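Biologist: Please put the model up, and let us go through it by question and answer.

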Amino acid sequence: MVNSSELEALVNDSKPKHVAIIMDGNGRWAEQRGKIRVKGHHEGVKSVRQVVSSALTMGIESLTLFAFSSENWRRPEAEVSVLMKLFMTVLTREVKKLHKNQIRLKIIGDVSAFSPAIQAKITEAETLTRNNTKLILNIAANYGGQSDIANAAKQIAIAVKTGAVSIDEIDDKMLGQHIAMADQAAVDLMIRTGGDHRISNFLLWQLAYAELLFTDTLWPDFDSAAFEDAIFNFVNRERRFGGTGAQIRAILTKQQ
Ligand code: IPE
Ligand code: IPE
Ligand code: MG
């Protein structure tokens with residue numbers, strides 16, 4: 001028999017430390033309402049706010065959101081341009097709030113392809129929030145999982161060339177140290193909204209041991225409750241520790 005404080009400790013121990021999300025379905029959300037696709041992207045920002053706020057409440061260490069893939073440049077120019085503007089607006093408007101909540105913002109991906117204005121905002125935001133420890137919010141922008149691995153290989157090749165590393169020393173552990181977010185907890189839960197069951201070149205290396213959760217809910221409909229359900233199911237999948245589902249939910253959403 002576990003008592004309630006033991007139950008709390010058990011639930012908190014089995015909470016995912018790092019959750020990654022492919023935020024998909026914005027376009028379809030808008031189309032279903034007879035609106036233009038970009039309306040869905042605007043609406044999706046509300047879901048981002050809710051999920052970030054819930055992650056903070058639940059005491060998750062890292063949250064990684066796929067905002068723009070390296071393949072998304074192939075979209076019509078007008079849509080890419082709206083997404084860039086939105087990225088810029090969010091970086092300008094929301095960073096203060098992130099900082100106030102002690103959230104550290106990190107952008108993963110090749111930021112050199114973005115405009116100088118966006119790059120400057122990214123540097124500013126990362127610098128402002130760099131010592132925050134409540135939650136690390138990683139935004140994957142112009143990110144590709146395959147490029148991430150290729151970059152790691154390139155860095156090791158350079159080290160071999162300079163003689164700092166010998167070929168025999170190269171192993172999965174070393175490669176892993178050069179992959180994005182190597183300094184953070186391993187991803188233990190990956191959620192994809194929007195009904196498709198694929199990775200779309202998001203985190204590849206980092207998902208080696210992650211639980212994968214695919215939901216039909218379109219991203220703009222994915223709110224705090226949906227996110228909390230996903231975390232609850234992750235914890236509950238392990239075992240109930242003798243507690244009820246309601247007790248586990250209450251512990252998870254108790255302010256950390
Ligand atoms: C995901 O929603 C957001 C981005 C890729 C930026 P989509 O725009 O892919 O929406 P669907 O999948 O077409 O509905
Ligand atoms: C994945 O969604 C990328 C992001 C959510 C940023 P996509 O809609 O671009 O992926 P595909 O085209 O369905 O593979
Ligand atoms: Mg999509």
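This is a predicted model: local features need pLDDT of at least 70, side-chain atom pairs count only at pLDDT 80 or more; totals for chains, interfaces and linings use all residues.

Biologist: Where does UniProt place the feature "active site"?

Modeller: The label comes from an unreviewed UniProt entry. UniProt positions are given in the numbering used here, feature names are shortened, and annotations may be inferred rather than shown by experiment.

Biologist: Why do they gather at one spot?

Modeller: In sequence they span 49 residues.

Biologist: Is Asp24 buried or exposed?

Modeller: Asp24 lies in the loop between strand E1 (18–22) and helix H2 (26–32). Helices (H or I, at least four residues) and strands (E, at least two) are DSSP runs, numbered from the N terminus. Buried means under 20% relative accessible area, exposed over 50%, partly exposed in between, with a 1.4 Å probe and protein chains only. At 17% relative accessibility, Asp24 is therefore buried.

Biologist: What does the side chain of Asn72 reach?

Modeller: Asn72 sits in the loop between strand E2 (62–69) and helix H4 (77–100). Its relative accessible area is 17%, so Asn72 is buried. At 2.7 Å, its side chain reaches the backbone nitrogen of Ser69.

Biologist: How much of the accessible area of ligand 2 does the protein cover?

Modeller: Residues surrounding ligand 2 (a heavy atom within 4 Å) include Asp24, Asn72, Arg75, Arg198 and Ser200. An oxygen atom of ligand 2 is 3.1 Å from a side-chain N or O atom of Asp24, and one is 3.2 Å from such an atom of Arg75. A polar side-chain atom of Arg198 lies 2.7 Å from an oxygen atom of ligand 2. Of the 390 Å² that ligand 2 has on its own, the protein covers 78%.

Biologist: And how much of the accessible area of ligand 1 does the protein cover?

Modeller: Ligand 1 is surrounded by residues including Asp24, Asn72, Arg75, Arg37 and His41. Backbone N or O atoms lie 3.1 Å from a ligand 1 oxygen at Asn26 and 2.9 Å at Gly27. The side chain of Arg37 has an N or O atom 2.9 Å from an oxygen atom of ligand 1. Of the 380 Å² that ligand 1 has on its own, the protein covers 87%.

Biologist: Which side chain does a polar contact of 2.9 Å join to that of Asn138?

Modeller: Asn138 lies in strand E4 (residues 135–143). Asn138 is buried, because its relative accessible area is 0%. A polar contact is a pair of N or O atoms within 3.5 Å; within protein, one must be able to donate a hydrogen and the other to accept it, and residues adjacent in sequence count only if both atoms are side-chain atoms. The partner of Asn138 at 2.9 Å is Gln184.

Biologist: How far apart in space are Leu63 and Lys154?

Modeller: Leu63 is in strand E2 and is buried, at 0% relative accessibility. Leaving aside residues up to four places away in sequence, Leu63 touches Asn138 and Phe227, among others (contact means heavy atoms within 4.5 Å). Leu63 and Lys154 are 91 residues apart in sequence. C-alpha to C-alpha, their distance in space is 27 Å.

Biologist: What phi does Asn201 have?

Modeller: Asn201 is in the loop between E5 and E6. At 14% relative accessibility, Asn201 is buried. Although Asn201 is not a glycine, its phi is positive, at about 60°.

Definitions and conventions:
Residues are numbered from 1 along each chain as its sequence is written. Chains are lettered from A and ligands numbered from 1 in the order in which they are written. Side-chain values use heavy atoms; hydrogens and water are left out. Accessible areas come from the Shrake-Rupley method with a 1.4 Å probe; for residues, only the protein chains shown count as cover.
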